[in-house]
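Subject: Handing over the model

Hello,

Here is the structure I promised to pass on to you. Please have a look, and then read on for my notes.

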Amino acid sequence: MKTLLKTLIFLGMFFSGLEIFAQKDSIAMQRSARKLVREGNALYEQQKFTDASVAYKKALNSSAYYDKASYNLGNALYQDKNYQEAIPQYELTAKTATDKFTKAEAYHNIGNAMMETKNYQGAVDAYKNSLRNNPNDDETRYNLAVAQKMLDKQNQDNKDNKDNKDNKDNKDKKDKKDENQDKKEGEDKDKKDDKNKDGEGDKDKKDQNQDKKEDDKNQKEKPKPQQGKMSPQQIKQLLESLQNEEKKTQQKLNAQKAKGDKLKQEKDW
């Protein structure tokens with residue numbers, strides 16, 4: 001009995017010591033996290049957003065549920081244009097925060113990050129959640145109006161693009177149908193023309209044969225020209241005419257030789 005009692009007392013003291021040690025370790029880690037957050041804030045003020053992000057991540061390694069570290073990490077990532085990475089940090093803050101004002105700020109920043117990524121529907125939802133927690137925030141209300149306007153435009157553009165695509169598809173189908181119809185009509189016409197050509201060819205061949213027969217007949221019936229007979233006087237006149245023509249030609253050639261070729265002279269400007 002005494003041995004059992006001593007054992008229970010020993011175990012109680014042992015577990016109490018572990019609890020105290022864990023508490024001391026937890027307090028030390030929390031202090032380390034707070035220190036790292038302060039370092040991150042200083043770097044953030046210097047606009048060294050990448051270095052600030054590293055400090056905030058180290059703080060979260062020391063204390064995973066440190067709201068300030070996750071929220072500030074989201075801000076540093078946002079400023080460094082890492083919008084997609086910033087959103088989960090804001091969402092964690094919005095989930096774990098105990099006061100509505102902090103939740104409202106987290107949702108507001110989620111909306112801003114989604115606006116940057118053109119997720120306008122997500123931005124509208126985030127701003128609405130922010131206003132549910134802080135209805136008096138005029139800046140969030142203004143951002144909501146802008147996000148809603150951008151969402152409407154995006155939806156209209158998507159609708160127009162879909163309509164244009166549908167119209168194009170319908171036009172392509174119609175063009176294809178017309179092309180097939182034209183092709184079919186062309187083939188039918190070609191077949192008809194071939195048939196007509198065959199008939200016309202036979203007819204032309206018959207006409208040619210008939211024309212040839214008629215030409216042969218006319219050739220046979222056409223009288224052959226008789227060799228003409230000239231009188232001595234006509235022969236003498238013809239010879240004199242030829243001599244005169246030859247004399248004129250010779251005189252013309254002699255005149256051209258005496259004249260010579262005309263040269264192109266260079267101009268002295």
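One term first: a residue is called buried under 20% relative accessible area, exposed over 50% and partly exposed in between, using a 1.4 Å probe and protein chains only. Please keep in mind that this is a predicted model, in which local features need pLDDT of at least 70 and side-chain atom pairs count only at pLDDT 80 or more, while totals for chains, interfaces and linings use all residues. Residues are numbered from 1 along each chain as its sequence is written, and side-chain values use heavy atoms, with hydrogens and water left out.

Let me begin with the aromatic residues. Rings of Phe, Tyr and Trp (its six-membered ring) pair if their centres lie within 6.5 Å; planes under 30 degrees apart count as stacked, over 60 as edge-to-face and the rest as tilted. Searching the whole structure gives three aromatic pairs. One of them is edge-to-face because the planes of Tyr44 and Phe49 meet at 70°, with ring centres 5.2 Å apart. Tyr44 is partly exposed at a relative accessible area of 22%, whereas Phe49 is buried at 15%. Tyr78 and Tyr83 also make an edge-to-face pair, with centres 5.1 Å apart and planes at 75°. Tyr83 is buried, its relative accessible area being 15%.

Next, the core. A nonpolar core here is a set of buried Ala, Val, Leu, Ile, Met, Phe, Trp, Tyr and Cys residues joined through side-chain atoms within 4.5 Å. The largest one has 31 residues, and those with the most contacts inside it include Val37, Tyr56, Tyr66 and Ile110. Helices are DSSP runs (H or I, at least four residues), numbered from the N terminus. At least two core residues come from each of H1 (2–45), H2 (49–62), H3 (67–79), H4 (83–96), H5 (100–116), H6 (120–133) and H7 (138–221). H6 gives the largest share, six residues. Leaving aside residues up to four places away in sequence, Tyr66 touches Ala33, Arg34, Val37 and Leu60, where contact means heavy atoms within 4.5 Å.

Helix H5 is worth a look too. Its 17 residues should span 24 Å at 1.5 Å a residue, and its end C-alpha atoms are 25 Å apart, which agrees; the expected span is 1.5 Å times one less than the number of residues. Among its buried residues are Lys103, His108 and Asn109. Just after H5, Lys118 has a positive phi of about 65°.

Finally, Arg31 lies in H1 and is exposed at 57% relative accessibility.

Best wishes
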